[in-house]
Amino acid sequence: KKTHVLNPKNEKKRKEIEIQTSKRDKENIKIDTLSLERNFRELISRKISGTLVGLWFLVVEHLRLGSWDLIKGYTGCSDADIEPRIAMQLVNESAMCSNRVRKSNYIAHQGFELLNGLGFLVTDQQVHDLLNKHTVSQAESLQETLAAIRHNNGHYQGNLIAIDPHRIVSTTQRIMPQKKKQPEEPSRKVLQTFFALDTQTGQPIGCGIGSPGVNTTKATIELLNMVKTVNKNALILADKEHFTENLVRDIDQNSDFELLIPAISTERIRKIERSLTYQRQWAGYATAEMMFNFEKRKEKYRLICQREGETTKDYVYKSFLTLSNKPIIELLCDCYQERWSIEEFFNFDGAMGFDRASTFNLNVRYGKMSLALLAQAATYELRKKLPKPYNRWNSIHLAQALFTKIDGDIRVEDDTIIITCYNAPDELNLQNNYQNLPARLKSEGINPQIPWLYNFKLDFRFK
């Protein structure tokens, strides 16, 4: 039999070709990096007209939040690199409630690419490559730092934290079990996510994702570790899916959190509910409590029950397990009602990237959802400057009415990018908050130079 013999000369030539190719690729990357600013300055020197000038208001809020430093930390890159600008495009896509900006070439003619410090729209492949090479832990680190910044800025003010397992319908092609998002809906592929939110302000603290290796208990513990960075003693308002012995024991033994969680209506729970002696609170409402332990466990927890109805045949029971010493009425009638604020958040800001999932690649999903939290934080800062009722516009309405429907133009004067808005409604009070911006930012102790826009300043004109 003939055997293959490696030719030393061919092997040497192959290695030389690989080295030359590697050098050429590095040179191309360097050229692309160096050409970013040149392309940006060339485009910004021309006057651009369009309807996307409202998105430039978010540039100011990102500057105030320190979003650029968070993005650089996530990507591990510097001011001159392209990767943070790709991430910034993803942030601005989220603010527009759009998932396919990269397929909409007309947007590049209205200044959207300049908003990100680029002279072009990045491709789907560039976005995938960026997110895929950054890990889940890097995305979680971004969320933790953002939560700390938002806490310092007063975005979290209450002592009630709602957590919720939120299912997102997915279009993934993977073979996987299908589940129902709602009992009355057909089964579909869904991505299991977990969110934590301050109920008083309605602002998210962080989010996580469930997977075959991360069940509800593990994902919730990781999420609560993030919550600890902003509030160590909060009352956690949970969902029925969190009613697990391992989760309750971990919270009880390893944290200072209080907990209020609905009990799953098992046969054992139903027997307990019907055996208790209830104290009437008002017509049609009574409460009771006892100490409860999970099967084959000796740890005991407080179980509180409510009974609605005036006659035996009309009685409806519901039970909760709690790690709090607060009175029953305060827990059930005051605190737990606030848990529904997290559903309001999904309805209000879900379109920013929390209601869709095309892939189950965890690096990609964590990256996109974490960057969407940046967009949501900046939008919240902008909303606080709007008068009522405009500050209650949901994310879709805000994107359509403010970010993508205001006529204007973009031009540069010396070291300042001038955004002229022609039909911004006076009642939005934008002029009082965004005109004479460089001086306004200096008075706040913020450098008005925008690093991802190559240290240009930004100002607005209203006509």
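This is a predicted model: local features need pLDDT of at least 70, side-chain atom pairs count only at pLDDT 80 or more; totals for chains, interfaces and linings use all residues.
Two strands count as paired here if DSSP finds at least two bridges between them, and I begin with that because the first part of this talk is about strand pairing.

Let me start with strand β9, which covers residues 301-308 and is mostly covered, since seven of its eight residues are buried. On one side of the pairing list we have strand β8, residues 285-292, which runs antiparallel to β9 and is joined to it over eight bridges; within that pair, L303 in β9 is the bridge partner of M290. Strand β10, residues 316-322, also pairs with β9 in the antiparallel sense, this time over seven bridges, and there E308 stands opposite V316 of β10.

Is Q89 buried or exposed? Its relative accessibility is 0%, and because buried means under 20%, Q89 counts as buried. If we leave aside the neighbours within four places in sequence, the residues in contact with Q89 are R102, F112, N116, L118, F120, L121 and V122.

Finally, there is the largest pocket, which holds about 460 Å³ of space. Its lining is made up of 19 residues, and those lying nearest the centre are K179, Q192, G210, S211 and P212. Strand β3, residues 190-198, gives the largest share of that lining, with four residues, and by residue type the lining of the largest pocket divides into 11 nonpolar, five polar and three charged.

Key. Residues are numbered from 1 along each chain as its sequence is written. Side-chain values use heavy atoms; hydrogens and water are left out. Buried means under 20% relative accessible area, exposed over 50%, partly exposed in between (1.4 Å probe, protein chains only). Helices (H or I, at least four residues) and strands (E, at least two) are DSSP runs, numbered from the N terminus. Contact means heavy atoms within 4.5 Å. On a 1 Å grid over the protein atoms alone, a cavity is a set of points where a 1.4 Å probe fits but cannot get out, and a pocket is an open set with protein on both sides within 12 Å along at least five of seven lines; lining residues have an atom within 4 Å of a point. Grid points are joined across faces, edges and corners, and a volume is the space filled by probe spheres set on the points. Ala, Val, Leu, Ile, Met, Phe, Trp, Tyr, Cys and Pro count as nonpolar, Asp, Glu, Lys and Arg as charged, and the others, Gly among them, as polar.
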